[in-house]
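Dear colleague,

I am passing on the structure we spoke about, and below it I have set out what came out of going through it. Please read the notes with the model open beside them.

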Amino acid sequence: MNLQPIEWRDDKLFLLDQRLLPEAVSFLECRTAEETALAIESLAVRGAPAIGIAAAYGVVLASVQGATAASRAICRLSGTRPTAVNLFWALRRMETALNLFSSMNTESPLSSFLLEEAVAIHREDIEINRAIGRHGQSLLPESSTILTHCNAGALATGGYGTALGIVRAAREAGKNIRVIADETRPVLQGARLTAWELNRDGFDVTLICDSMAGPAMAKFEVDAVITGADRVAANGDTANKIGTCSLAVLAAFHGIPFYIAAPISTLDLSTARGEDIPIEERPAAEVLAFQGKRSAPEGIKAWNPAFDVTPSRLITAFVTERGVVRPPFGENLRRMLV
Ligand code: MRU
């Protein structure tokens with residue numbers, strides 16, 4: 001059955017708690033915008049499109065208390081994670097709906113009005129991922145080995161996935177697909193989430209440590225590296241999970257195409273270049289410990305940027321719901337938006 005990581009039921013938000021995977025499949029109930037914000041900050045829900053969808057529902061939860069509470073929720077949710085632009089995009093849509101409601105003379109409750117917009121954001125995301133899948137799978141040979149990083153799958157979206165949406169669509173098109181998944185230190189989205197969701201759906205998946213990507217490209221004759229994105233700047237520089245840029249360098253060295261799969265909502269034309277993308281720094285504890293158990297001596301410092309920026313010259317193409325975008329990216333990405 002299709003994996004649905006985000007559900008709205010009985011006026012509440014239910015999130016498949018990604019902190020507990022793969023040991024437990026358990027849904028976290030969010031009754032308030034604050035609980036939703038904490039779920040985003042603690043990575044119970046993560047992945048750029050998924051946090052945008054969850055935040056939109058978070059605004060609906062607050063709107064039961066009225067328009068001021070909804071506005072405050074937008075502000076609080078905007079402060080949860082700085083890099084994924086889909087979060088701000090979804091909250092802007094909710095703000096526009098809120099303003100529209102305020103200008104209308106209607107008896108219907110605000111929360112029902114805002115719920116329609118949140119549900120639309122959620123449903124559209126699944127459709128968008130299917131379109132990304134269709135465009136992306138056409139780039140792959142009949143028998144392909146794909147290397148991916150982090151989790152840009154059903155869990156990171158409304159369902160189906162972006163990078164893993166391409167993997168799914170390729171199999172649906174009858175192709176023979178094998179996936180090499182980077183474990184993705186420090187939080188192990190690759191080991192815990194990508195390996196789990198692909199294995200659940202019966203894919204041939206092989207897990208490697210991040211440091212094994214170079215030799216794995218040669219040994220497994222990788223046909224393409226495909227990752228998601230948290231924010232694409234106007235010139236094509238792309239922020240994604242830390243470790244993505246190193247993969248792009250390795251892919252260039254090995255002559256392997258490097259694709260970024262992302263919805264148009266991840267494109268941020270107001271950010272000119274990669275250097276301008278805000279990069280989230282997370283607690284040192286994530287690096288100093290491995291799955292909750294300390295793995296470094298007491299008193300050691302750690303640096304923990306959650307994302308890096310891959311320069312556009314290392315990217316072969318973007319796969320969006322509107323098609324495949326090739327260089328020159330500055331010009332061609334802009335064209336995608338009109
Ligand atoms: O810190 P995370 O787990 O939210 O990071 C997620 C990623 O980097 C994903 O690749 C990106 O958000 C795209 S998800 C379709």
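**Helix packing and buried sites**

Helix H5 passes helix H6 in a right-handed crossing, a term that applies when the near helix is turned clockwise from the far one by less than a right angle, anticlockwise being left-handed. Please keep in mind that this is a predicted model, in which local features need pLDDT of at least 70 and side-chain atom pairs count only at pLDDT 80 or more, while totals for chains, interfaces and linings use all residues. Residues are numbered from 1 along each chain as its sequence is written, and side-chain values use heavy atoms, with hydrogens and water left out.

H5 (residues 110–137) and H6 (residues 163–172) pack at an angle of about 65 degrees with their axes 7 Å apart, where axes are lines fitted to C-alpha atoms over the stretch in contact and angles run from 0 to 180 degrees between N-to-C directions. Helices (H or I, at least four residues) and strands (E, at least two) are DSSP runs, numbered from the N terminus. On the H5 side the contact (heavy atoms within 4.5 Å) includes Arg130, Ile132 and Gly133, and on the H6 side it includes Gly165, Ile166 and Ala169.

Helix H4 (residues 85–103) has 19 residues and reaches 27 Å from its first C-alpha to its last, close to the 27 Å expected, the expected span being 1.5 Å times one less than the number of residues. Among its buried residues are Val85, Leu91, Met94 and Phe101, where buried means under 20% relative accessible area, exposed over 50% and partly exposed in between, with a 1.4 Å probe and protein chains only. The cover over the buried residues of H4 includes helix H2 (48–63), helix H3 (67–78) and H5.

Aspartate 17, in the loop between strand E2 (12–16) and strand E3 (27–30), counts as buried at 5% relative accessibility, and its contacts beyond four places in sequence are Ser26, Phe27, Leu28 and Ala44. Asparagine 240 lies in strand E9 (residues 238–241) and is likewise buried, with a relative accessible area of 5%.

As for disulfides (cysteine sulfur atoms within 2.5 Å of each other), the count comes to zero. The sulfur of cysteine 30 is 19 Å from the closest cysteine sulfur, in cysteine 75, and is therefore too far for a bond.
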